Amino acid sequence: MALAHFRKAQEYLTEWGVTWIERPNFTTLTARKDIEQSHKGVLNHHTGSWNTSDWMLFVDGNGRVDAPLCNIAVEINGAVIFGSWQYTNHAGFNDKAAVLAVLKGPGVTSEIKPVPDSNPEFSGNRYLIGVEVKCPGSFNEAQYKATVALNAAFVLAYGWNPLNPPIGA
């Protein structure tokens, strides 16, 4: 079912003129075969560098955490790279309250400050689509536009409330 939502998001991106690329093994790549994905929102990250490779994100991992490290990457030119629709290691074991606040939608009136990853029983990986924007912090204009379009495509593809979308960064 989730794959169908990713396919619908790809259709929206095509309709809106956003360049997207599907990596080999997009439909089979997963970090955990024992956990079923249950996407309920999107979590946008940045890689901390302009030079992060797809190889690290989708094949090798970062030396501490196995790949894939995200579902989708956004290139410096705004191209959207679909790497995996399944479970990825992007959010870790974390503060359940912070993840649930993201899933609740933008009713949050201040920055969510999660506590250290301390809950070995709860992982945002299962519930959040992980997007990595390849940059040291501030997105460039092409990345910003592509990321906004990508998030909007998922809101529409999953049928989430567009006035209260479950999206965090």
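Helices (H or I, at least four residues) and strands (E, at least two) are DSSP runs, numbered from the N terminus, and two strands pair if DSSP finds at least two bridges between them. The model is predicted: local features need pLDDT of at least 70 and side-chain atom pairs pLDDT 80 or more, whereas totals for chains, interfaces and linings use all residues. Residues are numbered from 1 along each chain as its sequence is written, and side-chain values use heavy atoms, without hydrogens and water.

An open sheet of six strands has the order β1-β4-β3-β5-β2-β6, with mixed pairing. Its edge strands, β1 (20-22) and β6 (167-168), each pair on one side only. The parallel strands β3 and β5 are joined by three bridges, and Ala-73 stands opposite Glu-132 in β5.

Rings of Phe, Tyr and Trp (its six-membered ring) pair if their centres lie within 6.5 Å; planes under 30 degrees apart are stacked, over 60 edge-to-face and the rest tilted. There are eight aromatic pairs by this rule. Phe-154 and Tyr-158 have ring centres 6.2 Å apart and planes at 45 degrees, so this pair is tilted. Phe-154 is buried (under 20% relative accessible area; exposed is over 50%, partly exposed in between; 1.4 Å probe, protein chains only), at 0%.
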